[in-house]
Amino acid sequence: MSRATPFKMRFVHLDLKGAPPKVSYLSEVFPLFHTLGANGLLIEYEDMFPYEGRLMLLRAKHAYSPSEVAEILRLAKLNELEVVPLVQTFGHMEFVLKHAAFAHLREVALFPNTLNPHEAESLALVKDMVDQIMGLHRGAQWLHIGCDEAVASHVLAQHPGTTPLVWDDMLRDIPQEQLKASGVPQLVEPVLWDYGADLDVHSKIFLMGKYQECGFQRLWAASAFKGATGASQALPPIEHHVRNHEQWLQVAVSGPVDALQGIILTGWQRYDHFSVLCELLPVGIPSLAACLQSLVHGGFAEDVKLRVEHFLGVSSLEIMDTVSEGAGSFPGSDIHALVTQVSLHLRSSVDTLLERNRYVTGWFSPYHRRRKLIHPVMIQHIQPEALSLLSRWSNLVQQLEAALQLAFYPDTIEEWLEENVLPSMQQLQGLLQDLGEAAAPLPLPPPPSSCWDTGQNP
């Protein structure tokens, strides 16, 4: 039998600064989150929040409307998921400071990531963001604010009953006595984050002890189920993420009793506002399922694995990286299957044709292609395979695009396909275009210029 979980709160992080899901898709996955063992959400809105007034320019093209935010909260409550909004305060502010209207508030003029904390207007800006978000999340028990003492004081003063959460990396290296005397432990609850499969259990336990001695009443942990193993990662390495959660379980069991009141399973969608998309939410569902069930049952034993397979509707979790279309019955399983096919096989199949097909490398090299030279018989060896490959991938990509349209907005679909599909498809199309031009009939010879050329007598 699996042992009980030491984490009473298990919050799933929704990072909306990339590939924000449609509300209709969230309505499908929230019941699954609950079934898998989640009881809360950390929603990082970024530019998807319907800011008003002078902050309206922060809205993304497809930002949620106030009614859509209300619907998300209704769906969360229906599925017993407590919502904790996250608003960046002074770091990770690219979505604000990229705009000319706020560029003068950058700490370093060239870089849009950090707000200048010495400008009074900076604090006023952040307070406005906090108040607008809290206006649509009345009664929220927690608000994640990044890490800033002044903002924490504002939250406690203006929104009593709401406790600020902060990432702990800004606190780790502060000497214990200095941190204790700062007053910060009375203002916030720190979130200790570590996404590594080789997380150092003993150092985390030591850090928890330090925070408790400084006066922090409650501590949180943060793990990752996706978005932590590479900025352009398309498929989450499930083993890595399960191991990360097993290490956090060791921290919780071996550390001070009941020190960690909850854990946030982060699912980063971009490393920052300007980076490429990493694993899409539907693609991360199997990893999330394995991680949540590991937390609920105290590990990923065989019985837990069987439960995960049942919840996902898959025959075996070990082969999730090679599933075919239609495998699984969880929301977005078709996206997961098709993205897996593209990620594992599209580029490699095109590279095989271009770089290891002996007819292409021997008779239609880049030299030949630039000059449109080819032996006619070689076209018969190259063109059918290239056409077949293009047809197969075009059909699959059409299926993927249709599936993505049910879960995501057009800009997300355009970006993902352009990053992950278009380069290989363009290579195939380029090869076929060059073949067509090389195979074009030669121009007719010029007309004869003398009687000798015509065979006529003078």
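**Close-up views: cysteines and surface patches**

**View 1. Cys-278 is buried, at 1% relative accessible area.** Buried means under 20% relative accessible area, exposed over 50%, and partly exposed in between (1.4 Å probe, protein chains only). This is a predicted model, where local features need pLDDT of at least 70, side-chain atom pairs count only at pLDDT 80 or more, and totals for chains, interfaces and linings use all residues. Residues are numbered from 1 along each chain as its sequence is written, and side-chain values use heavy atoms, leaving out hydrogens and water.

View 2. Cys-291 is in no disulfide either. Cys-291 is buried, with 0% relative accessibility. The whole structure holds zero disulfides (pairs of cysteine sulfur atoms within 2.5 Å).

**View 3. A negative patch on the surface gathers Asp-411, Glu-414, Glu-418 and Glu-419.** Patch residues have over 30% relative accessible area and no salt bridge; like charges are joined within 9 Å, nonpolar side chains (Val, Leu, Ile, Met, Phe, Trp, Tyr) within 5 Å. A salt bridge puts a side-chain nitrogen of Lys or Arg within 4 Å of a carboxyl oxygen of Asp or Glu. Asp-411 sits in helix H15, residues 410-420. Helices (H or I, at least four residues) and strands (E, at least two) are DSSP runs, numbered from the N terminus. Asp-411 is partly exposed, at 37% relative accessible area.

**View 4. Val-108, Leu-110 and Phe-111 make a nonpolar surface patch.** Together they have about 320 Å² of accessible area (Shrake-Rupley method, 1.4 Å probe). Val-108 belongs to strand S4, residues 106-108. Val-108 is partly exposed, at 44%.

Terms used. Lys, Arg positive; Asp, Glu negative; His and termini not counted. Charge placed at Lys NZ, Arg CZ, Asp CG, Glu CD.
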